[in-house]
Amino acid sequence: MDCELSEQMVQTHSNSMYLTVLLFLVMIQIKHWYIDFVNQSNAEVASKGIYGDQLGMNHSIKHGVGTFLVALAVCGFPWIVWAGILGGLDAALHYHIDWAK
């Protein structure tokens, strides 16, 4: 009986983890769509190819802040440091990828 209960708990935890990852990925996609297609100005689009331009950096910072907020919403306050690291990585990568395009 105990073994069956333990297996059920592991399965429930595993399903919960998959749903959390799925929720995170869906929310990141929504964040990306919103910042790139709803919130981005024409001036930001034009300046992304100029390395170091403030508007291009602002656009990437929006992505980083959005990723931070999504990670914090999904994972909770105990993960705030990792959410901040993830947001910073997203901002840096997004900036350089946009610039390289």
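This is a predicted model: local features need pLDDT of at least 70, side-chain atom pairs count only at pLDDT 80 or more; totals for chains, interfaces and linings use all residues.
Colleague: Which residue does D98 form a salt bridge with?

Modeller: The partner is K101, and the closest N and O atoms of the two are 3.5 Å apart. K101 counts as exposed, at 74% relative accessibility. Salt bridges with shared partners also join D98 and K101 with K48 in one network.

Colleague: Let us step back. How many helices and strands does the protein have?

Modeller: There are four helices and zero strands. Read along the sequence, the pattern is α-α-α-α.

Colleague: And what share of the residues is buried?

Modeller: Of the 101 residues, 27% count as buried. The accessible surface of the protein comes to about 7,100 Å², and 72% of that surface belongs to carbon and sulfur atoms.

Colleague: Which residues of helix 4 are buried?

Modeller: They are A83, G87, D90, A91, H94, Y95 and D98. Seen down the axis of helix 4, these buried residues fall within an arc of 125°, so they line one face of the helix.

Colleague: What is exposed on the other side of helix 4?

Modeller: On that side, V81, W82, L93 and A100 are exposed. For V81, the relative accessible area is 58%.

Colleague: Which nonpolar patch on the surface includes V81?

Modeller: V81 is part of a patch formed with F77, W79, I80, W82, I85, L89, L93 and I97. Together these residues have about 980 Å² of accessible area.

Colleague: One more point on helix 4: how far apart are its end C-alpha atoms?

Modeller: They are 30 Å apart. Helix 4 covers residues 80–100, and its 21 residues should span 30 Å at 1.5 Å a residue, so the two values agree.

Colleague: Back to charged pairs. How many salt bridges does the structure hold?

Modeller: It holds four salt bridges. In general, side chains of opposite charge can pair when their charged atoms come close.

Colleague: Which residue does K31 meet in a salt bridge?

Modeller: The side chain of K31 meets that of D90, with an N to O distance of 3.1 Å. K31 lies in helix 1 (residues 2–38) and D90 in helix 4, so the pair ties together parts that are 59 residues apart in sequence.

Colleague: Are K31 and D90 buried or exposed?

Modeller: Both K31 and D90 are buried.

Colleague: And what does K62 pair with?

Modeller: K62 and E44 meet through their side chains in a salt bridge of 2.9 Å, N to O. This pair links distant parts of the chain, with K62 in helix 3 (residues 54–75) and E44 in helix 2 (residues 42–47), 18 residues apart.

Colleague: How do the accessible areas of K62 and E44 read?

Modeller: K62 is partly exposed, with a relative accessible area of 27%. E44 is buried, because its relative accessible area is 4% and the limit for buried is under 20%.

Colleague: Last topic, contacts across the chain. What share joins residues at least 24 apart?

Modeller: Among contacts between residues at least 6 apart in sequence, 63% join residues at least 24 apart.

How values were computed:
Residues are numbered from 1 along each chain as its sequence is written. Side-chain values use heavy atoms; hydrogens and water are left out. Helices (H or I, at least four residues) and strands (E, at least two) are DSSP runs, numbered from the N terminus. The expected span of a helix is 1.5 Å times one less than its number of residues. Buried means under 20% relative accessible area, exposed over 50%, partly exposed in between (1.4 Å probe, protein chains only). The arc is that of the directions from the helix axis to the C-beta atoms. Patches are made of residues with over 30% relative accessible area and no salt bridge: like charges are joined within 9 Å, nonpolar side chains (Val, Leu, Ile, Met, Phe, Trp, Tyr) within 5 Å. Accessible areas come from the Shrake-Rupley method with a 1.4 Å probe; for residues, only the protein chains shown count as cover. Contact means heavy atoms within 4.5 Å.
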